[in-house]
Amino acid sequence: MDFTDLSLLDDGVVERRFTLDGIPGLLWTPPASADAPVPLILLGHPGGLEGMQPRLVQRAQSAARSGFASATLELPGSGDRPRIPDFEAARADLGRAMAQGDPLDAVVDRLVLPLVERAAPEWQSLLDDVLALPGIRGPVGISGGFISIGIRLALVEPRIVAASLYAGSFVPASIVE
């Protein structure tokens, strides 16, 4: 994890930009205190950190007021990350299928399953690096974003003990099998 920028927000929350194996991310920590290390919340999002940053900052500041650090990563194929032609084609096919009222299962599988397979290990690496930082510890929660990524992480990652999964994303049946 290579930190590239540090900002102090108005409420004392520290925002740090970083790259993790070339993947952009953000880490927010509550104002410094003499208390014990703080637990972590992974902040999910639908992709495009720059566009999502105002909402992510609000969520991170809310978490910090409750004594939590927060971290997030750019999703595969989003933001400044290289586009993935199969994802782009599946997104377009999903839009067409929804507009035409066609069945969605096959196109959702083509979009979501490869995204989960790429993203989940990246988020596990994020956990490894953030939990190694001084002042941050488990337990870990995950909040928001692609529900399928959150479900996969909750199933395979024992450090995640709580999940707040919301929004209108699709979940292929094979995610929970």
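Start with burial: 47% of the 177 residues of the chain count as buried, meaning under 20% relative accessible area, with exposed over 50% and partly exposed in between (1.4 Å probe, protein chains only).

A word on the source. This is a predicted model: local features need pLDDT of at least 70, side-chain atom pairs count only at pLDDT 80 or more, and totals for chains, interfaces and linings use all residues. Residues are numbered from 1 along each chain as its sequence is written, and side-chain values use heavy atoms, with hydrogens and water left out.

Now the fold. The chain has four helices and seven strands. Those are DSSP runs, numbered from the N terminus: helices are H or I, at least four residues, and strands are E, at least two. From the N terminus, the order is β-β-β-β-α-β-α-α-β-α-β.

Contacts next, meaning heavy atoms within 4.5 Å. Take those in the chain with a separation of 6 or more: 60% come from residues 24 or more positions apart.

Two backbone details. Which bond joins G138 and P139? A cis peptide bond, with omega about 5 degrees. P139 sits in strand β6, residues 136-144.

Then D21. This residue is not a glycine, yet its phi is positive, about 55 degrees. D21 lies in the loop between β2 (14-20) and β3 (23-29). Buried or exposed, then, is D21? Exposed, at a relative accessible area of 70%.

Why flag these? Because most residues other than glycine have a negative phi, and most peptide bonds are trans.
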